Amino acid sequence: MLSNPKKTKDDIIQWICDYFAENGPDCSAVIGISGGKDSTIAAALCVEALGRDRVFGVMMPNGIQPDIADSCCVVECLGIRSMTVDISSAFKGMHKAISDAAALAGFIYDTDTTGLSKQAQINLPPRLRMATLYAIAQSLPNGGRVVNTCNMSEDYVGYSTKFGDSAGDFSPLANLTVYEVRQIGHELPIPKELVDKTPSDGLCGKTDEDNLGFTYAQLEDYIYAGTCDDPEVDAAIAAMHGKNLHKIRPMPTFSPQESDYVETSAVCC
């Protein structure tokens, strides 16, 4: 829990200013607007840091998005430029292309004849959304930097899609828990109902906590105290953390040993 949310909010805003001063003084922040608390709060922080003219919101429904009105509310409330890109055609096209190729190769995933596992079908839209954000960022007149909107709680248990919503150029919320993100949100001029909105993936009709099998309060107790006082939940969190570390660690790279090299003579031109 933050002892001084207003100071932390101001520090994040300054951090964003410093990032852009070094990595794109004329660039805009490009952010996917889902209508959830994280993207809403991250967008509001960018507006405070850069001004509304340098924040570009992108709404990316995969066909029908039940809470698209919340996304529109965010854009209107912040007064930022925006566009809506329906990724359903790209999703269906990619799904069909892989399915057709799988059929030709005789590839079948378990009993699924589509060529895509259930998990791959869930993770494909976030990866298409990230590709969309980078395409837009590279197409803006002065370029753009993509905002990562993940928070510490979700990152800890891998509740994100690798190279999907876990990607980005800078991440203002990555070291804050869900509770702390909400503390920051209450210090910003955005609707309270969006800050306190129940997190959901918008796919299966369940809340994030339903999908995880424990509450964010339990998760955050575990992160900070090492236990939430429920051994079964502790074990579940520890297992998810270990299984998903590959999502938050840098990509492993092979380094040849010094003994693998041979001396070479300098080549003179």
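Here are some notes on this predicted model, running from the overall build to a few residues.

1. Ground rules. Residues are numbered from 1 along each chain as its sequence is written, and side-chain values use heavy atoms, with hydrogens and water left out. As the model is a prediction, local features need pLDDT of at least 70 and side-chain atom pairs count only at pLDDT 80 or more, while totals for chains, interfaces and linings use all residues.

2. Overall build. The protein has 11 helices and four strands (DSSP runs numbered from the N terminus: H or I of at least four residues for helices, E of at least two for strands). Its C-alpha atoms fill a box of roughly 60 × 60 × 45 Å along the principal axes. Of the 269 residues, 44% are buried (under 20% relative accessible area; exposed is over 50% and partly exposed in between, with a 1.4 Å probe and protein chains only). Take the contacts (heavy atoms within 4.5 Å) with a separation of 6 or more: 72% of them join residues 24 or more positions apart.

3. The main core. The largest nonpolar core has 35 residues (a core being a set of buried Ala, Val, Leu, Ile, Met, Phe, Trp, Tyr and Cys residues joined through side-chain atoms within 4.5 Å). Those touching the most other members are Ile-16, Phe-20, Ile-41, Leu-45, Leu-78, Phe-170 and Ile-184. At least two residues come from each of α1 (5–23), β1 (28–32), α2, β2 (55–59), α3 (68–78), α7 (178–185) and α8 (192–195). The biggest giver is α2, with nine residues. Leaving out residues up to four places away in sequence, Leu-45 touches Lys-9, Ile-12, Ile-13, Ile-16, Leu-173, Ile-184 and Leu-188. Another core, of 16 residues, lies apart from the largest one and includes Val-30, Phe-56, Phe-91 and Met-130.

4. Helix α7. This helix is largely enclosed by the rest of the structure, because seven of its eight residues are buried.

5. Ser-39. Have a look at this one in helix α2 (residues 37–50). Ser-39 is buried, at 2% relative accessible area. Its side chain makes a polar contact with the side chain of Ser-34 at 3.2 Å (N or O atoms within 3.5 Å; within protein, one must be able to donate a hydrogen and the other to accept it, and residues adjacent in sequence count only if both atoms are side-chain atoms). Not counting residues up to four places away in sequence, Ser-39 touches Ile-31, Gly-32, Ile-33, Ser-34 and Thr-149.

6. Lys-247. This residue sits in the segment after α11 (231–243) and counts as partly exposed, at 22% relative accessibility. Neighbours within four places aside, Lys-247 is in contact with Gly-158, Ser-160 and Lys-162. A polar atom of the Lys-247 side chain lies 2.7 Å from the backbone oxygen of Gly-158. Lys-197 is 50 residues away along the chain, and its C-alpha atom is 26 Å from that of Lys-247.
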